Amino acid sequence: MQENNPFSNIVSQIQSRDDQNLLLDELSALKNSLFQIKQNTFDQVLTTKVRQKISAELEKILTASSDRAGLLDQLTKQVQDLKTLDLTLSFEPTVETRQKIFTWVKTNMGEGVVINLKFDPTIIGGAQIAFNGKYVDLSLKKIIDTIKR
Amino acid sequence: MTNLAFIYILLFLISCFGIYKYFCLRSVYLSLKAKENKLKDADYVRRRAEKILENAKNKYEQVIEESYKKAQVIIKDAKVFNDDTKQQVLAELGKSIQTITAEIKQETLEEVEVQKQATQRLVESDYDQVKVDVERYKKEQFAAIDKQVADKVAMLVNQITKEVLGHGIAIKDQEELVIKSLENARKQSIL
């Protein structure tokens, strides 16, 4: 996948819904800068409005191409088409926890999945999971309620 | 500390609820007791009626007895009859009086018995009906109270469990639970 897809290094950096939205904003700013009359606007936006890791990757791809707008559209579509895994937790996850969850998702589900983390203390523990139109409640609250019934 | 305070507050609320229910049950008990007293009154009325009838019967017998004696005296004193006739009349009168007395006695007894049975039936049917009503009322009240208590206790236990467990799980265990949930979801083909 990485060999065929020039944007794989950028897409693989997206972990959460926030990352996804941020990248889409950056790509939109870059696309708009292409149609500015002022010279070097694109380069300026790339260095000032795009995160360094992303701008470095984009620079490698875009400088070699004459169709920047086309490439940006392709990348935007790829980012928009990422699948979302909705995960509701009972606690606010630390950076380390987020990383663990992301690693698990990447290892077991592969690339192209964005995690949308939500926080609901009433579920006590475990997680409520929604993906691809399916939903399962694996929280402790659900287990306690089931035992009580 | 917060959990402990929360638990104490909940226990206090449970106690208050218990006291409230005790007073509810007590008012139900007093109302049942009042009904029972009314029934006792009905029984007293029945016994009183029987006594009145008994007294009436005795008086009746006494009046007949006295009338017979007076008749005997009048006949004995009468000068128009000879002794044989007097004896014959007295014997006939005695027989008639005895027959009448027996009939009246029988009728009175029957009347008393009928009255007694009617009163008994009335009291019993009232008593049975009231007993059924009281039993039904008791069952309904206890069922409603049981349900209220069970619901309240279940809700409180649920809250306590969630509060205590929610705060008691360490982040590391929480992480583990999340990863296990993801694995379970994968096994269930959700992921």
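Reader: Which residue of strand 4 of chain A stands opposite A:Gln128?
Author: In this predicted model, local features need pLDDT of at least 70, side-chain atom pairs count only at pLDDT 80 or more, and totals for chains, interfaces and linings use all residues. Residues are numbered from 1 along each chain as its sequence is written, while chains are lettered from A and ligands numbered from 1 in the order in which they are written. Strand 3 (residues 126-131) and strand 4 (residues 134-139) of chain A run antiparallel, and in strand 4 of chain A the residue opposite A:Gln128 is A:Asp137.

Reader: How many bridges join strand 3 of chain A to strand 4 of chain A?
Author: Two strands pair if DSSP finds at least two bridges between them, and A:Ile129, for one, has A:Val136 of strand 4 of chain A as its bridge partner. The hairpin of these strands has two residues between them, and A:Asn132 takes a positive phi near 55 degrees there. The number of bridges joining strand 3 to strand 4 of chain A is six.

Reader: Which strands stand at the edges of the open sheet of chain A?
Author: The open sheet has four strands in the order 2-1-3-4, with mixed pairing, and its neighbouring strands are turned by 15 degrees against each other on average, with direction ignored. Two of the strands each have a single partner strand, so one side of each is left without a neighbour in the sheet; these are strand 2 (113-119) and strand 4.

Reader: At what angle do helix 2 and helix 5 of chain A pack?
Author: Axes are lines fitted to C-alpha atoms, for helices over the stretch in contact, and angles run from 0 to 180 degrees between N-to-C directions. Helix 2 (residues 17-33) and helix 5 (residues 68-80) of chain A have axes 10 Å apart, and residues of their contact include A:Leu23 and A:Leu27 of helix 2 and A:Leu72 and A:Leu75 of helix 5. The two helices of chain A are roughly antiparallel, a term for angles over 145 degrees, because they pack at about 165 degrees.

Reader: Is A:Asp81 buried or exposed?
Author: A:Asp81 is found in the loop between helix 5 and strand 1 (83-89) of chain A, and its C-alpha atom is separated by 8.3 Å from that of A:Gly112, 31 residues apart along the chain. A residue is buried if 20 or more other C-beta atoms, placed from the backbone, lie within 10 Å of its own, exposed if 12 or fewer, and partly exposed in between. With 9 other C-beta atoms within 10 Å, A:Asp81 is exposed.

Reader: Which helix of chain B gives the most to the side of chain B that touches chain A?
Author: Two residues are in contact if their C-beta atoms, placed from the backbone, lie within 7 Å, and the contact takes 21 residues from chain B and 25 residues from chain A. Helix 2 (83-168) and helix 3 (171-187) of chain B each supply at least two residues of the side that touches chain A. One of them lies across strand 1, strand 3 and strand 4 of chain A, running at about 40 degrees to strand 3 of chain A, and with 11 residues the helix of chain B that gives the most is helix 3.

Notes
Angles under 35 degrees count as roughly parallel, over 145 as roughly antiparallel, 65 to 115 as roughly perpendicular and the rest as oblique.
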